[in-house]
Amino acid sequence: MSKAKLKKIIWAIVKYFTLVFGAFISVLPVVVCVITAFKTPEEYASTNVMDMPQNWAYFKNFIEGWQEANMGTAFRNSAIILVCVLVGSILTGSMLAYVLNRFKFVGNGLIRNLFLFASLLPGIAMQVSVYQIMYTLGWINSLPGYIILMCGTDVMSIYIFIQFFENLPVSLDESAIMDGCTYFGVFFRILLPLLKPAIVTVMILKGVGTYNEYYTANLYLQDKNRYVTVATSLFKFTGPLGNQYNYICAGVIITMIPALIIFILCQKHIYGGLAQGAVKG
């Protein structure tokens, strides 16, 4: 066997071992979560996390988890927040990107740099001032206030849209304006439909972050009966005397189902949006 062929075989073994090991590490927490979700409290307290439950038809954890964590209200609030935040982020991000890319004015570069600087700052470092602003405006325990906050903290979507606008020729704008179209018409009728890959990319990144957001939701939506979200609902089963992980795992599986269904139905558009977003710019 030649040296080159042996090197190729060794590289293939290392590559596939790395992929299998990475997949195992990724799937293991989900497997443990599924196993734990079907255990009774007594089983969970007396068995190892990898020990199989005696009864796979034990759905009491799911029922009690749904009821005790008020997950019906949590899904409703999270759906409202998610839809409003995605629409707001896409519209504001694409409009700002349109202005910054298509119009040259004094301060254009400064604004771009300020957006970049803001994205480098850790969000936790600005929470004191942000909380003071939210409190002054009366937006604590306010669903609209939380939605506005989540829409206003998205800097990456602006840069994603800017990268896509740079690949759309200016001649499209000029032709539409010569035909009597306004700037709003150019944006909504001509350019926005061409931003579909960017919109899909922003929806994935922003949607996952908003759906899983816990810290901000817990801080500003303090009324856990009215304004509970999917991310904060499961902490109903945590406390100083211990954590009820069998209920938590059942709730985690429930929260994963909508995301899994959306991914299965829209995976073609998701892969297409991410792939095109990776090569733009």
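Residues are classed by relative accessible area as buried (under 20%), exposed (over 50%) or partly exposed (in between), with a 1.4 Å probe and protein chains only. By this criterion Tyr-44, at 27%, is partly exposed. The structure is a predicted model, in which local features need pLDDT of at least 70 and side-chain atom pairs count only at pLDDT 80 or more, whereas totals for chains, interfaces and linings use all residues. Residues are numbered from 1 along each chain as its sequence is written, and side-chain values use heavy atoms, with hydrogens and water left out.

Rings of Phe, Tyr and Trp (its six-membered ring) were paired if their centres lie within 6.5 Å, with planes under 30 degrees apart counted as stacked, over 60 as edge-to-face and the rest as tilted. Tyr-44 and Tyr-245 form a tilted pair, with 6.3 Å between centres and 50 degrees between planes. Because Tyr-44 belongs to helix 2 (residues 41-46) and Tyr-245 to helix 14, this pair ties together parts 201 residues apart in sequence; helices are DSSP runs (H or I, at least four residues) numbered from the N terminus. Tyr-245 is partly exposed, at 36% relative accessibility.

Helix 14 (residues 245-279) also contains Asn-246, which is buried with a relative accessible area of 3%. Beyond its neighbours within four places in sequence, Asn-246 is in contact with Thr-36, Ala-37, Lys-39, Thr-40, Pro-41 and Asn-61, contact meaning heavy atoms within 4.5 Å.

A cluster linked by ring pairs comprises Tyr-98, Phe-103, Phe-165, Tyr-183, Phe-187 and Phe-188. Within this set, Tyr-98 is buried at 7%, while Phe-103 is partly exposed at 25%.

Conventions: Helices (H or I, at least four residues) and strands (E, at least two) are DSSP runs, numbered from the N terminus.
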